[in-house]
Amino acid sequence: MKRLVVPCLESVIHHHHHHPMFFSKTNRRMAGVWVALIHECCGHEQQRNVYLDYLKNAFKVFKFPENESSESKNNNSSNNNNSQRTPPNTSKKPDKKQKKQDDIEIEKMKSLESKNRYENIINYYMLRMKGKPFEKPDRDVQLYYYFLNAFYRKGQPQSALDCFNELKERIHKPIPTRLSNIIIKTLLEAGRDAEALNILKDMQDDTNLKLYPPNEETYVTIFDYFSKTGALHSALSLMEHIHKTFTSHKQNILQQKKLSVNPVSPNIEMFQHLFKLLAEQGKMKLATNFLYIMTKFYNIEPNANIYDYFVSGFCKIGDITSARPYLTLIKNLHNSNRAIPAIVQRCYCEMIKAACQIPDIKLAEELMTEFHSLGFKANASIGNAFIEAYTSIGDIQLALDVFQKMKDAGVSLKPQTYSLLITFFTRQRNFVMANQFLEDAMLDFKNDKIVHSEGNINVCCNFLLRGYLEAGQLTAAVKFFEKMKANEILLTSHTYNALINGFCKAQDHTRAIEILDEMKIKHINPDIYSITPIIRTLLQKGDFETAASLFKKSYYVFQIVPNFYIYCMFMQYGTIHKRSDIFDTYYYMGLEFGMKTSTENAIYFFNQAIQHHAIMKNVVECERVLEDMNQLLCAPDDTSYLYLGVACLFEKDFAKARSYFSRICKTKEKGFVFEHPFSLEEYKFILNQLIEGKRRVLANKLLYDMLLPLGKVDLDIIKIGMEININNFERVQQLYDSLPSLGMSPTRTIDDILIRAKSLSDRKDQSEQVVPEEYVRVVRY
């Protein structure tokens, strides 16, 4: 085949070499490329089909226009015979034939797209457009829309980005917004948000002449991504930019200034994504402010989904009173056929569950009555909420009554229903009843054939396993685990996490790490709750290197996304062992983590940082942490102000200390004003607040470095100091010996504390340096 084809093609090219078309260096180079490609393909028997495609495309490229030779002859004769004629009109008329050809190319792309033949579109781009100059820019830009969309549909973000960058380099006018929207969507779905946001910045830049500005679709796409990833900080920054741009535009209109581009105003979809984020993270005060802006400034009427987010958000923070007006608004929308019944039902379920969690049984029953009056029937979720409420107050009989009513009404029972009762009985150490409910669950779920997902029986077994472990019955837990294996019950990460947590509580981190490795062998992905107990145990034992190595392995090997609690544990280790380098490293890692993800539970992280700097007597660093909190939109709480005030006391800045202490809610109830010098009762209040927050290190710092030297102590403060140092006999003895110099005599209670401290010291030598209670308890199920 090679002997026949290549000479044939070369002869064709050589035969027509006299034509002006071949005098171009570019065309000669193209001819050489086609010959080389055919040479290569013809050398392989399996690539004959590829060769035929190349041959067809080669003849298309070097095909002469129809009637070209006759037209050239006619032109020559007319020039010779009519040399005295007036010059022809040089104005070009629109080439209808060429325009029709362009339309055919675009219609071809539309046809391929409608048939989902995206590979053909990509092949067209690779063979005919990539790396080649634009023949017709207007048509080619329209074709690039189909190329980018094909890369998006096939999940090829890098190829799409290369195609988009090539378009930017070759085109001499701004790229239409719809093409930019496609590449942004492609990058976001691939998790490459930094590159997508860089393109958005270029679109927002008025001096950038390569891209048209963003439109509503652009912003909605990005808000949707932020909503899915929990990036509240990024969503708020973007909304602030849109709002400021639109506000300045309105001011320019009032001043009769002309603008080249009208900015985009926020629409209801953008606000809806933002409200979802705020509700999920409990930022309801901020959500209320944005609702006011949406309704008053932009005249956008909220829909049922937005009110649903408000009900859910207020229920999440336990503020049912604030949630009720939004439930009323949803009911009004439902009455006017603007809200589907499912939303009304979901809101009532949220409020009933929130009332049960408080627990406010009376309110929950009132809401249940309203729920039935609207024609809704109770489901398993509501029944479980009541069972949880009754078991939380210890009324097991009412919980069993609800359970029986659910069975009698034919409600489809969920694993959580049995798990709540199993958990209650395991906490009462009644494993006979717990096993009885497990058997009932196995009878109810005997037709459950789930193998590749977490089955109903598996969930109930996990709760019983945890019950054994929480009771400290490791032998019984291991036997039950082996029984689960023998019965071929599905083992998940929750099963292994329970075992890991149990062994860590027994201070056996070696066995816990073995279980972690077993998960990898069984192809079960560990999660954050798999590694947290092990890291906590290692840090309690002072093995920082192993803990840091496991944390690094969890990220790079297991792809486990960390959380604030992990960083807090390492920061706490740095505080206790006076390793500022370790503290700073993990603080900035946690800060970077908070900038990219949800800031939920960030308050404990920041309070840990403020406490560290307060212990180090560094007010400047404490206030710098406040600035970081402001950047992440995390409001300080009473604990934050307590630590800041104590830090100011250490530096004897009483005016600033007063400003922080006065913001604590309980100070208003007590009537404290914190005027310098502070009263003994005010110092006692501060010390008690630290003890209640289990901040013994900071409490000791305040007691020994300030209160004792100033003489601001009484028998109650001495007693508090001895109790928090019960495991350190030397400190207890020091406080006891200081009583005569302070003009006080020991009481019977103080003598008992001294005797108890001596007894503990004789039994076991314990140091204050590592205090297990001060480490974060983060294992949640």
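A helix here is a DSSP run of at least four residues, and a strand is a run of at least two. This is a predicted model. With those terms in hand, start the tour.

**Stop 1: the whole protein**

The protein has 40 helices and zero strands. Of the 781 residues, 44% are buried. Next, think about contacts between residues at least 6 apart in sequence. Among these, 62% join residues at least 24 apart.

**Stop 2**

Go to the second largest pocket. Its volume is about 1,100 Å³. Select Glu592, Phe593, Met595, Lys596 and Thr597. Of the 34 lining residues, these are the closest to the pocket's centre. Which helices give two or more residues to the lining? Colour helix 10 (193-204), helix 11 (216-229), helix 12 (232-254), helix 28 (544-556) and helix 30 (580-596) to see them. By class, the lining holds 19 nonpolar, ten polar and five charged residues. How is such an empty space found? Rolling a probe the size of a water molecule over the atoms shows where empty space is left.

**Stop 3: threonine 575**

Select threonine 575. It sits in helix 29, which covers residues 564-576. Is threonine 575 buried or exposed? Its relative accessibility is 10%, so threonine 575 counts as buried; the cut-off for buried is under 20%. Now show its neighbours. Leaving out residues up to four places away in sequence, threonine 575 touches Phe583, Gln608, His612 and Ile615.

**Stop 4: aromatic pairs**

Show the aromatic side chains. The whole structure contains 46 aromatic pairs. Zoom in on tyrosine 468 and phenylalanine 480. Their ring centres are 6.0 Å apart and their planes meet at 50 degrees, so the pair is tilted. Tyrosine 468 belongs to helix 23 (residues 456-470), and phenylalanine 480 to helix 24 (residues 474-486). The two are twelve residues apart. Both tyrosine 468 and phenylalanine 480 are buried.

Move on to phenylalanine 605 and phenylalanine 606. What kind of aromatic pair do they form? Theirs is edge-to-face, with 5.2 Å centre to centre and 70 degrees between the planes. Phenylalanine 605 has 0% relative accessibility, so it counts as buried. Phenylalanine 606 is also at 0% relative accessibility and counts as buried.

**Stop 5: valine 619**

Select valine 619, in helix 32 (residues 619-631). Valine 619 counts as buried because its relative accessibility is 5%. Which residues does valine 619 touch, not counting residues up to four places away in sequence? Show Ala647, Cys648, Glu651 and Lys656. Valine 619 and leucine 644 are 25 residues apart in sequence, but their C-alpha atoms are 7.2 Å apart in space.

**Stop 6: alanine 342**

Finish at alanine 342. Look for it in helix 17, residues 341-357. How exposed is alanine 342, and what is its relative accessible area? The value is 39%, so alanine 342 is partly exposed. Now draw a distance from alanine 342 to phenylalanine 376, C-alpha to C-alpha. The two are 9.8 Å apart in space and 34 residues apart in sequence.

How values were computed:
Residues numbered from 1 in each chain as written. Predicted model: local features only at pLDDT ≥ 70, side-chain atom pairs only at ≥ 80, totals over all residues. Heavy atoms only, no water. Buried < 20%, exposed > 50% of the residue type's maximum accessible area, 1.4 Å probe, protein only. Contact = heavy atoms within 4.5 Å. 1 Å grid on protein atoms, 1.4 Å probe; cavity = no way out; pocket = protein on both sides within 12 Å on 5 of 7 lines; lining within 4 Å. Points joined across faces, edges and corners; volume = space filled by probe spheres on them. Nonpolar A, V, L, I, M, F, W, Y, C, P; charged D, E, K, R; others polar. Phe/Tyr/Trp six-rings, centres within 6.5 Å; stacked < 30°, edge-to-face > 60°.
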